[in-house]
Amino acid sequence: MGAWVEAEPMNVSRGNFATFVFGGMMYTIGGRKENVEVLDIVECYKEGGCWEVAANLKAIGKRSHFSAFVM
């Protein structure tokens, strides 16, 4: 569409996280919950679906204020 649109909310609200797209899915790693707790949770989203906590994936420790790059 070439524009931002509102979609399903994540299971864990957060800020200062990293996001990347891989294999047709969007992944969100870490971040800060309520500007206090640093998270190690990874959530994934597939278009037309909903956000799911990726139980088989963990961030490399708790991370916040960073970037992700996948080749």
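Mentor: Start with a definition. A residue is buried under 20% relative accessible area, exposed over 50%, and partly exposed in between. The model is predicted. Now apply those limits to glutamate 37. Its relative accessibility is 42%, so glutamate 37 counts as partly exposed. It lies in strand S4, residues 37–38. Setting aside neighbours within four places in sequence, glutamate 37 is in contact with Gly31 and Arg32. Serine 64 is 27 residues from glutamate 37 in sequence, and their C-alpha atoms are 9.6 Å apart.

Now turn to glutamate 43. This residue sits in strand S5, residues 42–46. Its relative accessibility is 0%, so glutamate 43 counts as buried.

What does the side chain of glutamate 43 reach? Another is the backbone nitrogen of valine 12, which lies 3.1 Å from a polar atom of the glutamate 43 side chain. Then comes arginine 14. The side chains of glutamate 43 and arginine 14 form a salt bridge, 2.7 Å from N to O. Glutamate 43 is in strand S5 and arginine 14 is in the segment before S1, so the pair ties together parts that are 29 residues apart in sequence. A search of the whole structure finds one salt bridge. Arginine 14 has a relative accessible area of 12%, so it is buried too.

Look at the wider surroundings. Residues up to four places away in sequence are again left out. Glutamate 43 then touches Met10, Asn11, Val12 and Arg14, among others. Its contacts also include Met26, Tyr27 and Thr28. Trp51, Glu52, Val53 and Ala54 are on the list as well.

Two of those names come up again at the largest pocket. Met26 and Trp51 are among the lining residues nearest the pocket centre, along with Trp4, Ala7 and Tyr45. The lining has 17 residues. Strand S1 (18–22), strand S2 (25–29) and S5 each give two or more residues to that lining. S2 gives the largest share, three residues. By type, the lining divides into 10 nonpolar, three polar and four charged residues. The space in this largest pocket is about 480 Å³.

Glutamate 43 is buried at 0%, while glutamate 37 is partly exposed at 42%. For glutamate 43, the salt bridge partner is arginine 14. For glutamate 37, the listed contacts are Gly31 and Arg32.

How values were computed. Residues are numbered from 1 along each chain as its sequence is written. This is a predicted model: local features need pLDDT of at least 70, side-chain atom pairs count only at pLDDT 80 or more; totals for chains, interfaces and linings use all residues. Side-chain values use heavy atoms; hydrogens and water are left out. Helices (H or I, at least four residues) and strands (E, at least two) are DSSP runs, numbered from the N terminus. Buried means under 20% relative accessible area, exposed over 50%, partly exposed in between (1.4 Å probe, protein chains only). A polar contact is a pair of N or O atoms within 3.5 Å; within protein, one must be able to donate a hydrogen and the other to accept it, and residues adjacent in sequence count only if both atoms are side-chain atoms. Contact means heavy atoms within 4.5 Å. On a 1 Å grid over the protein atoms alone, a cavity is a set of points where a 1.4 Å probe fits but cannot get out, and a pocket is an open set with protein on both sides within 12 Å along at least five of seven lines; lining residues have an atom within 4 Å of a point. Grid points are joined across faces, edges and corners, and a volume is the space filled by probe spheres set on the points. Ala, Val, Leu, Ile, Met, Phe, Trp, Tyr, Cys and Pro count as nonpolar, Asp, Glu, Lys and Arg as charged, and the others, Gly among them, as polar. A salt bridge is a side-chain nitrogen of Lys or Arg within 4 Å of a carboxyl oxygen of Asp or Glu.
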